Structures are given as structure tokens and as C-alpha cells.
Amino acid sequence: MPVNALDLVIGSPALQSTWIFVPTVSDHRKEQIRLEAHAKGFVGCGFSGAARLPDEPRLRDWLQRGRHGDMSYLARDLDRRVEPTLFLEGARTVIVVAWPYAAPARPSDEDWRVNLTGRIAAYARGIDYHDALATKVEELAVLVSQLYGGSARAHVDAGPLVEKSLARRAGLGWFGRNTNILLPDRGSYVLLACLLTTASIEPDDEYTSDHCGACSSCIPACPTGAIGEDATIDAPRCLSYLTIEHRGPISHSLRPQLGNWIFGCDDCQTSCPWNDPDEHADNWLNPSLAGVLSISPEEFRETYRHTAVSRTKRRGLARNAAIALGNSGNEAATDPLSRAVLEHDEALVRAHAAWALGALGGSSVGDVLRRSLELERVPPVRTEIEQALHLLRDRPA
Ligand code: B12
Ligand code: SF4
Ligand code: SF4
């Protein structure tokens, strides 16, 4: 979920000359940083050295298998992904913090099909975490520089470093089979951020246990089978990738697996015994699909501007809502989809609305699709409409 790169370099020459690092047996300053991180709301704060991470062969293998899909930035300059000193020259310590977010409720499958509501992944609730965390990590950076001197630089998701591996090395938790880092007392509903510093701070022990044990619940819970036996994700199959990162049409074979996910996916986390579900559904996470499909540019800006959802853009979110309406099996989805195939200003959305109408079927759908074919000028959308008409014809009466 990368956004614009966040760079922060703290540590004026004045500060650096005032504070000289003197290693001590018991470093109270380290505990002060941990306490401050907790006071800011972080639920984990660990310290790691800045040596090169051992992940390069795993990353290379993952990339060679094309598991990164369109995220070409992940393949750029692997050294920068595993070498903290290339992110901050002279880095000697990486402080990794974990920010908790509220667990999602588990709405029943039946409910969304009746109410025609979508699902947004729980991490996206509220102000975009990139902004929220950046401010807190910047404040922590000031404290680190005051206590130890040196310079510091924050890394929140968008940077190249492999944050999960740093988190494990900083002692925060283990890699689950779903590839997320789980904290033993929190589960995986946490977001990670790093603070690199030139100060030398005693590292914590890396997290060597693995508490997945015999469990493998997340693997069958994944709607698209994106979690490999080798605990890596095939991103082009992952709904989080498809609904957020992937800009173009979603392949026909994967559309039914979206269910009602319109931004991200939590299925491999809600199925995990280390995560407790929330009891209460949150309307913001379950918006009306018809509303999202027809959302205007102004409404989209107003509703999602400061949230992570803005990353998928209005076009992407409406595309996903069209698919979810097609998956609902509910006749009430026909009207909003018919309006979209005839009138939506985005070709991508019209194309997916055509598919969704074909998937829904019903007596009025053929007429709507034929009318839209008369009006439609964009070749890929025309193809989708023709395919939807074929689907209708082939459907058993
Ligand atoms: C690209 C990316 C994605 C991609 C690919 C996901 C993936 N698993 O790689 C997509 C778009 C699919 C995605 C989805 C999600 N993401 Co994402 N994503 C990233 C990003 C930007 C890079 C991850 C990466 O490098 N992947 C490459 C592959 C090869 O890495 P990997 O699968 O983790 O493989 C490594 C491990 O296998 C590791 N490893 C495994 N076992 C062991 C054992 C040892 C001993 C060692 C040393 C290493 C090791 O070695 C591999 C190479 O490093 C990071 C932020 C960052 N800068 O790190 C966030 C991040 C991983 N995502 C995050 C989140 C929250 C999500 C979602 C939950 C969002 C959602 N609800 O929709 C889903 C979860 C899907 C899933 N099951 O992974 C969080 C994870 C927080 C956590 N608790 O772990 C991160 C850290 C962002 C953040 N700052 O908080 N994401
Ligand atoms: S986020 Fe969803 S689609 Fe992606 S691996 Fe997890 S369960 Fe599968
Ligand atoms: S569901 Fe089971 S296997 Fe998957 S991450 Fe959680 S504990 Fe590990």
C-alpha cells in the first residue's frame, strides 16, 4: 500500500555535537523511547541493528516467479530493500514500531447480499495511517536525536525496506503463514513503521519462535488461493492487490472471488486464531454498493480524501463495487448496474457493470445490454458487453 515516499531527516549539527553516545550496560534512554512509543499509542517498539537483512534470495525468488504483478517498484534495486544504510547513511539502529487498528467485524455472507453493502479492509478506517504514523514517528525521531544525537529517518510503508523482516529482527513478532507479522499479545491487526538512526542502541533479541504451529486456517480462508505453501503471497491473485494496486480490468476468473470486497481484504486475518473479531459492524467499512458505484468525484474526495481508500481512486472503487453487485445474486442490483453501464463516465466502470449484469441475469438485463451496445464507442467496453450478452444466451433458462 505504498504512498508518496516519506522522508524525514532529523538531527541538526547542534544536536549532534551536544549528545555523544556513551554505551552503558543498562541503557535507560532505550526504555525512555519505548515508553514514549507506548504513550503515543504504539503497541510494540523493538530495536534492531542495521546490518543487511538476509531476505534477498527470498525476494529474488518471489520476483522471478512474477508474484509482484504490476508493482514493478518492488523489483527496483533490491539492495535498497535489504540494506538499511542505503536508506540512511551511517544507520546503526532500526527502531520498529507497531500501530494497532481495530479488528473488523464479520458480517454474514447473507447480510451483504440482502443489504448490498461492500467491505473495506479494517486498516483503512480513519485517517490514512501513512499520515497518522508519520507524525508520530517524526516525534519519536526528535526524542531519539535528543537522547542519542545523530540523525534519524522515518520509514512508513512507502519506503523500500522490507518492514516485516525488520520487525521480526527487532523482536516484535513472527511471520504468520499469511505472511503478516503477528505480535504475541495483539495478533496481526497492526501496521508497521521504522525509524532509522545513526545512534548505536543495543538491539533486542530477534523473534525466533513461530506460533502458527499446526494451524493453517488462513490458507483455505483466502478466496483466491493466493497464499502459497511456502508462506508467500501471489500478489496478482490477492484481493488486496486487485482491489487497490491493480488499475485495469480484473480478470474474469477472479471477479467472482471478490465477493463484496471493494478495498483490500481481511480474510486471511479474520480466520486467524490469534486475532479477535470486533463485535460491532462499522458502517464506514460496509458502504452501500450502489452508492459507491455512482459516487461523484466531489463525493469521493469528500468521503475518502484523507483515508487510505483514496489510493484506489474513484474509478477503482466503483469498478470493485460493480463486481460486488454482480456477485450479490440480488435482483435489486440490476438498477444501479444498468445506470452504470449506460451512463458512467469511466469506461472501466461501464465494462465491469456490463460483466456484472451478465453475471446477475434477469429478465430486463438483455435489453439494457443491447441498448448500451448501441451507445458504447470504447472497444474494450463493447467487448465486455458482447461477452455479457453471450453469457446471458448460454445461461440455462
Ligand atoms: C507489497 C506489499 C503488499 C502486496 C504484497 C503482499 C506480500 N505479502 O508481499 C499486497 C498488495 C498484496 C499487500 C497486501 C496486504 N498488505 Co501489504 N505491503 C506491501 C509492502 C509495501 C512490501 C511487502 C514486500 O516486500 N513483499 C515482498 C514479499 C516477498 O515479501 P513477504 O511475503 O513478506 O516475504 C518475505 C517474507 O517471506 C520473509 N520471510 C518469511 N519467513 C521468514 C523467516 C525469516 C527468518 C526471515 C528472515 C524472513 C522471512 O522473507 C520474504 C522476503 O523479505 C509492505 C510495506 C513494506 N515496505 O515492507 C506492506 C505490508 C507488508 N502490508 C501490510 C498490510 C497490512 C497488508 C494487508 C493486510 C492490507 C489489507 N488488509 O488488504 C494485505 C495482506 C495480504 C497478505 N496476506 O500479505 C503491512 C503488514 C503489517 C503486518 N502486521 O505484518 C505492511 C508491513 C505495511 C505496513 N507498513 O504496515 N501488501
Ligand atoms: S488479503 Fe485476502 S486475497 Fe490476499 S492473501 Fe489474504 S485472504 Fe487472500
Ligand atoms: S491462521 Fe494460523 S497459520 Fe495463518 S497466520 Fe494465523 S496462526 Fe498462522
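Biologist: Which domains supply the shell around ligand 3?

Modeller: At least three residues come from each of domain 1 (9-103 + 126-197) and domain 2 (225-394), with bounds from an automatic or database domain assignment. This is a predicted model, in which local features need pLDDT of at least 70 and side-chain atom pairs count only at pLDDT 80 or more, while totals for chains, interfaces and linings use all residues. Residues are numbered from 1 along each chain as its sequence is written, and chains are lettered from A and ligands numbered from 1 in the order in which they are written.

Biologist: Which residues surround ligand 3?

Modeller: Among them are R177, N178, C212, C215, C218, C272 and W274, where a shell residue has its backbone-placed C-beta atom within 6 Å of the ligand. The shell divides into six nonpolar, five polar and one charged; Ala, Val, Leu, Ile, Met, Phe, Trp, Tyr, Cys and Pro count as nonpolar, Asp, Glu, Lys and Arg as charged, and the others, Gly among them, as polar.

Biologist: And ligand 2, which residues come nearest?

Modeller: C222, C238, C265, D267 and C268, of 13 around ligand 2. Two or more shell residues come from each of α9 (239-245) and α10 (267-270), helices being DSSP runs of H or I with at least four residues and strands runs of E with at least two, numbered from the N terminus. By class, the ligand 2 shell has nine nonpolar, three polar and one charged residues.

Biologist: New topic: what is the phi of L116?

Modeller: Near 55°, a positive value in a residue other than glycine. L116 is in the loop between α5 (109-115) and β4 (119-120).

Biologist: Is L116 buried or exposed?

Modeller: L116 is buried, because 21 other C-beta atoms lie within 10 Å; buried requires 20 or more, exposed 12 or fewer, and partly exposed lies in between, with C-beta atoms placed from the backbone.
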